[in-house]
Amino acid sequence: MNTINWTRKAVKQLLKLHRPHQAQIRNAVTQLSAMPDVSNVKALTQHQHGYRLRAGQYRVLFDWASTIKIVSIQEVKKRDERTY
């Protein structure tokens, strides 16, 4: 079992979201304690942070060494034909 630590920035970002989204992200993050056997996690290459977790329309960026450190939460906007 890995311990999960939140940065101050990530906590502030989480608290700005609507409650249903907060609950969805918290549920996804609690599953990280079972790393590496977690779905929706991807190792990032050439990125400041090591991993990302998909939680609905949000991405939770985190680092994982001996403990899991939640660094940031980002919203993914809907893509359409004008995105690119």
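A residue counts as buried under 20% relative accessible area, as exposed over 50%, and as partly exposed in between. By that rule Trp64 is partly exposed, because its relative accessible area is 27%. The structure here is a predicted model.

**The aromatic cluster**

Trp64 belongs to a cluster: ring pairs link Tyr51, Phe62 and Trp64. How many aromatic pairs are there? The count comes to 2. A pair of aromatic rings is described by the distance of the centres and the angle of the planes. The table gives both values.

| Pair | Centre to centre | Angle between planes | Kind |
|---|---|---|---|
| Tyr51 and Phe62 | 5.5 Å | 20° | stacked |
| Tyr51 and Trp64 | 5.8 Å | 65° | edge-to-face |

Take the stacked pair. Planes under 30 degrees apart count as stacked. The planes of Tyr51 and Phe62 stand at 20°, so this pair qualifies. Tyr51 sits in strand E3 and Phe62 in strand E4, 11 residues apart, and the pair links these distant parts of the chain.

Now the edge-to-face pair. Planes over 60 degrees apart count as edge-to-face. Tyr51 and Trp64 have 65° between their planes. Tyr51 is in strand E3 and Trp64 in strand E4, so this pair ties together parts that are 13 residues apart in sequence.

Phe62 has 0%, so Phe62 counts as buried.

**The strands**

E4 and E5 pair in the antiparallel sense over 7 bridges. They form a hairpin, with 3 residues between them. In this pairing Trp64 stands opposite Ile68 in E5. E5 also pairs with strand E1, residues 4–6. Those two strands run parallel and are joined by 3 bridges. Here Ile4 stands opposite Ile68.

**The core**

The largest nonpolar core has 17 residues. Which of them touch the most other members? They are Ile25, Leu32 and Ile70.

Leaving out residues up to four places away in sequence, Leu32 touches Asn2, Ile4, Val38, Val41, Leu53, Phe62, Ile68 and Ile70. Phe62 is one of the cluster rings.

**Helix H2**

H2 has 12 residues. From its first C-alpha to its last it reaches 16 Å, close to the 16 Å expected at 1.5 Å a residue. Which residues of H2 are buried? They are Gln22, Ile25, Ala28 and Val29. Seen down the helix axis, these buried residues fall within an arc of 130°, so they line one face of H2. What covers them includes E1, H1, E3, E4 and E5. The face turned away from the buried side carries the exposed residues Arg19, Pro20, Asn27 and Thr30.

**An exposed leucine**

Leu15 lies in helix H1. Leu15 is exposed, because its relative accessible area is 54%. Its contacts, apart from neighbours within four places in sequence, are Gln22 and Arg26. Gln22 is one of the buried residues of H2. Where does Leu15 stand relative to Tyr51? The two are 36 residues apart in sequence and 22 Å apart in space, C-alpha to C-alpha.

Notes: Residues are numbered from 1 along each chain as its sequence is written. This is a predicted model: local features need pLDDT of at least 70, side-chain atom pairs count only at pLDDT 80 or more; totals for chains, interfaces and linings use all residues. Side-chain values use heavy atoms; hydrogens and water are left out. A nonpolar core is a set of buried Ala, Val, Leu, Ile, Met, Phe, Trp, Tyr and Cys residues joined through side-chain atoms within 4.5 Å. Buried means under 20% relative accessible area, exposed over 50%, partly exposed in between (1.4 Å probe, protein chains only). Contact means heavy atoms within 4.5 Å. Rings of Phe, Tyr and Trp (its six-membered ring) pair if their centres lie within 6.5 Å; planes under 30 degrees apart count as stacked, over 60 as edge-to-face and the rest as tilted. Helices (H or I, at least four residues) and strands (E, at least two) are DSSP runs, numbered from the N terminus. Two strands pair if DSSP finds at least two bridges between them. The expected span of a helix is 1.5 Å times one less than its number of residues. The arc is that of the directions from the helix axis to the C-beta atoms.
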